[in-house]
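Reader: Hi, I have a structure open and I'm new to this. Can you walk me through it?

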Amino acid sequence: MAMWNSFRTDARLGITAEVIAYSGGNGDEIHAYVARPASDDPVPGIVAVHHMPGWDEFYREFSERLARHGYCVICPDLYCRFGHGTPDDIAARVRSEGGVRDDSVVADGEAAAVWLRAQPGSNGKVGIIGTCSGGRHALLTASRAGGFDAVADLWGGGVVMAKEELSEARPVAPIDYTAGLMAPLLGLFGHDDTHPTPEQVNVHEEELKRRGKEYEFYRYDGAGHGFFYYHTPMYRPEAAMDGWAKVFGFFGQHLAG
């Protein structure tokens, strides 16, 4: 649960990573990418919820970074039931079919937490994190399913939704489940984002306050949507590394021991 670049140079650190199949929502067998520290010490678990570009290489690297910092991470393929191909091809298919259903994501996330707690190296604590649509899905899963010890929403759009934005796949705005959120929440946002806008983040924050929820929000000047994404022009290195420090600090506080 170390911060960035704080490992000892004589530490025998390592991770293992692989694609597995696990029993997801509805008992369906779906794929997941699992990265874990190569150690015998009990470690916390984290469910990594991939973004709209799909179950992609970025999320494999994202999961590995968390694993190097002391977490057993499972990143389920939320699009597994749509078939297989390149991440881009499958994401396009999912978008063309109206998106993955909220109910499906919540069920897969809840099942992933069960899988983590069943691992012999689990310390019993489980967090959930996602970026973009994955941030929305992480918050939604923690609010509806419960059973999480910490949740991190990184610029999740669609937490606050107008009536005309609701659909069969996304019938209820996640903010309307705030009463059910029992885990502390970390939120990271860019001031230049349009989804969510700073105003929508304010609305969400007011609802968290009104409900007496434990949360910490951080907002970055000069950053828009996707400022962690080093493979895109949206990348903002200083904001991203400060954001990672916030993530490690937050999970370290709530998932240790």
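Reader: Which residues in α3 meet α4?

Author: This is a predicted model. In α3, Asp102, Asp103, Val105, Val106, Gly109 and Glu110 make the contact. Their partners in α4 are Arg136, His137, Leu140, Thr141, Arg144 and Ala145.

Reader: How do the residues of that contact divide into nonpolar, polar and charged?

Author: Five are charged, four are nonpolar and three are polar.

Reader: And how do the axes of the two helices cross?

Author: Helix α3 covers residues 102-117, and helix α4 covers residues 133-145. Their axes cross at roughly 75° and come within 9 Å. Angles of 65 to 115 degrees count as roughly perpendicular. So α3 and α4 are roughly perpendicular to each other.

Reader: Why give both an angle and a distance?

Author: Two packed helices are described by the angle between their axes and the distance between those axes.

Reader: OK, new topic. Where is histidine 51?

Author: Histidine 51 sits in the loop between β3 (43-49) and α1 (57-68).

Reader: Is histidine 51 buried or exposed?

Author: Buried. Its relative accessibility is 1%, and the cut-off for buried is under 20%.

Reader: Which side chains make polar contacts with the side chain of histidine 51?

Author: The side chain of aspartate 56 does, at 2.7 Å. The side chain of tyrosine 229 does too, at 2.8 Å.

Reader: What else does histidine 51 touch?

Author: Leaving out residues up to four places away in sequence, histidine 51 touches several residues, including Phe58, Tyr59, Tyr79 and Thr131. Cys132, Ser133 and Gly134 are also among them.

Reader: Now the sheet. How many strands form it, and in what order?

Author: Eight strands form an open sheet. The order is β1-β2-β4-β3-β5-β6-β7-β8, with mixed pairing.

Reader: Which strands are at the edges?

Author: β1 (15-23) and β8 (215-220) are the edge strands. Each of them pairs on one side only. From one strand to the next, the twist averages 20°.

Reader: Do β3 and β5 run parallel or antiparallel?

Author: Parallel. Six bridges join β3 to β5, which spans residues 122-131.

Reader: Which residue stands opposite isoleucine 46?

Author: Glycine 127 in β5.

Reader: Which strands do helices α5 and α6 lie across?

Author: Helix α5 (residues 198-210) lies across β7 (185-190) and β8. It runs at about 165° to β8. Helix α6 (residues 237-255) lies across β3, β5, β6 (150-154), β7 and β8. The angle of α6 to β5 is about 150°.

Reader: Switching to the backbone. Where is the peptide bond that is cis?

Author: There is a cis bond from histidine 195 to proline 196, with omega near 15°. Proline 196 is in the loop between β7 and α5.

Reader: Why point that out?

Author: Most peptide bonds are trans, and most residues other than glycine have a negative phi.

Reader: What is phi for asparagine 5 and tryptophan 155?

Author: Asparagine 5 has a positive phi, near 60°. Tryptophan 155 also has a positive phi, about 45°, though it is not a glycine.

Reader: Where are asparagine 5 and tryptophan 155?

Author: Asparagine 5 is in the segment before β1. Tryptophan 155 is in the loop between β6 and β7.

Reader: Buried or exposed, for each of asparagine 5 and tryptophan 155?

Author: Asparagine 5 counts as exposed, at 58% relative accessibility. Tryptophan 155 is buried, with a relative accessible area of 0%.

Definitions and conventions. Residues numbered from 1 in each chain as written. Predicted model: local features only at pLDDT ≥ 70, side-chain atom pairs only at ≥ 80, totals over all residues. Heavy atoms only, no water. Axes fitted to C-alpha atoms, helices over the stretch in contact; angles between N-to-C directions. Helix = DSSP H or I, 4+ residues; strand = E, 2+ residues; numbered from the N terminus. Parallel < 35°, antiparallel > 145°, perpendicular 65-115°, else oblique. Contact = heavy atoms within 4.5 Å. Nonpolar A, V, L, I, M, F, W, Y, C, P; charged D, E, K, R; others polar. Buried < 20%, exposed > 50% of the residue type's maximum accessible area, 1.4 Å probe, protein only. Polar contact = N/O pair within 3.5 Å; in protein donor to acceptor, adjacent residues only side chain to side chain. Pairing = 2+ DSSP bridges.
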